[in-house]
Amino acid sequence: MGLPLPKIPFCLLFLFILPLAKSASDYSTLVYKGCAKQDLSDPTGVYSQALSAIFGTLVSQSSKAKFFKTTTGSSQSTISGLFQCRGDLSNVDCYNCVSDLPVLIDKLCGKPIAARIQLLGCYMLYEVAGFTQISGMEMLFKTCGGTNVAGSGFEERRDTAFSTLESGVASGNGFYTTSYESMYVLGQCQGDLGSADCGECVKTAVQRAQVECGSSISGQIYLHKCFISYSYYPNGVPKRSSSPSSSSISSPSGSGSNTGKTVAIILGGAVGVGFVIICLMFARSLLKKHDGKRRMYKQFHAFWCNISLSFLW
């Protein structure tokens, strides 16, 4: 009777687990909530039905699009709503992100006449007909990093990256991300905003970031119709950025330049897993056929650990 298949060495488990940990997304992290103070008066349940219909439509559309806007109901019971996902999310991640929003709206806001929930990867809002409109340039939320990095040319790097972001987002279908000399920036406009208005919105957000965050190492500025974020990495922007669509400032193609990289990573991972399975099956066969099975297993263990560690580095 042959020996049982040896346990996978710890170094192989580390090889499998590490990429999963690195690829874990934080797109579902709550950024802010906006809940109208006036509750929805709904004695007949007509608003609840309209709101449920809005949520159902938005969630279903999120598997096919990054932005969708709809209206339901009639007369005074009309409710409009929309969702938008960050431009670098896949359709699956967009759907998973948006699917959480109706529950979060109910949990965090209840049923006011208008509500907006912003996650890192997506947001959703709805409002009842007649709700007071606000300017697209109005700031809804900001956050600035606690560490200051004044001097050493930080402001110049940041402003150069911002300048490229302003021009890139207006010509990049409302979403753009780039890096420049350790500075990583990202911007996105609401999906129904025209190019000119998008550029103006991002320009306003940039100016607010410069004033509100100053020399902070990072910041996020959310206006009603657009948002921007930036992060400074003194040791260089990580190769595996949290937003896989980053590009260099000298090649301002925005999110499209890294599709090949993403495909290569996926194919590389699949090939790696297949290689591991083949090697383990081969090892099992050797252990069955040769008397020196224990000595060979130790040699195989050491050999494979060296290979897997080389992948990690």
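1. Tyr32, Phe141, Tyr222 and Phe227 are joined into a cluster by ring pairs. Rings of Phe, Tyr and Trp (its six-membered ring) pair if their centres lie within 6.5 Å; planes under 30 degrees apart count as stacked, over 60 as edge-to-face and the rest as tilted. The whole structure holds seven aromatic pairs.

2. This is a predicted model, in which local features need pLDDT of at least 70 and side-chain atom pairs count only at pLDDT 80 or more, while totals for chains, interfaces and linings use all residues. Residues are numbered from 1 along each chain as its sequence is written, and side-chain values use heavy atoms, with hydrogens and water left out.

3. Tyr32 is in strand β1 (residues 30-35) and Tyr222 in strand β9, so the pair links distant parts of the chain, 190 residues apart. Helices (H or I, at least four residues) and strands (E, at least two) are DSSP runs, numbered from the N terminus. Tyr32 and Tyr222 are both buried; buried means under 20% relative accessible area, exposed over 50%, and partly exposed in between (1.4 Å probe, protein chains only).

4. Phe154 and Tyr232 also form an edge-to-face pair, with 5.2 Å centre to centre and 75 degrees between the planes. Because Phe154 lies in helix α5 and Tyr232 in strand β10, this pair ties together parts that are 78 residues apart in sequence. Both residues of the pair, Phe154 and Tyr232, are buried.

5. Next, the sheet. Five strands form an open sheet in the order β6-β9-β10-β8-β7, with antiparallel pairing; two strands pair if DSSP finds at least two bridges between them. The edges are β6 (139-144) and β7 (175-180), each with a single partner strand, so one side of each has no neighbour in the sheet. On average, neighbouring strands of this sheet are turned by 5 degrees against each other, direction ignored. Axes are lines fitted to C-alpha atoms, for helices over the stretch in contact, and angles run from 0 to 180 degrees between N-to-C directions.

6. Which strand pairs with β6 over five bridges? The partner is β9 (residues 218-223), and the sense is antiparallel. Lys142 stands opposite Ile221 in β9.

7. Two helices meet the sheet. Helix α5 (residues 154-170) packs on the sheet and touches β7, β8 (183-189) and β10 (226-232), its direction making about 30 degrees with that of β8. Contact means heavy atoms within 4.5 Å. Helix α6 (residues 195-212) lies across β6, β8, β9 and β10 and runs at about 45 degrees to β10.

8. A search of the whole structure finds six disulfides, a disulfide being a pair of cysteine sulfur atoms within 2.5 Å. One of them joins Cys144 to Cys213, with S to S 2.0 Å. The torsion about its S-S bond is about -70 degrees, so the link of Cys144 and Cys213 is left-handed. Cys144 is partly exposed, with a relative accessible area of 29%, whereas Cys213 is buried at 4%.

9. Cys189 and Cys198 form another disulfide, with sulfur atoms 2.1 Å apart. This link of Cys189 and Cys198 is right-handed, with 85 degrees about the S-S bond. Cys189 and Cys198 are buried.
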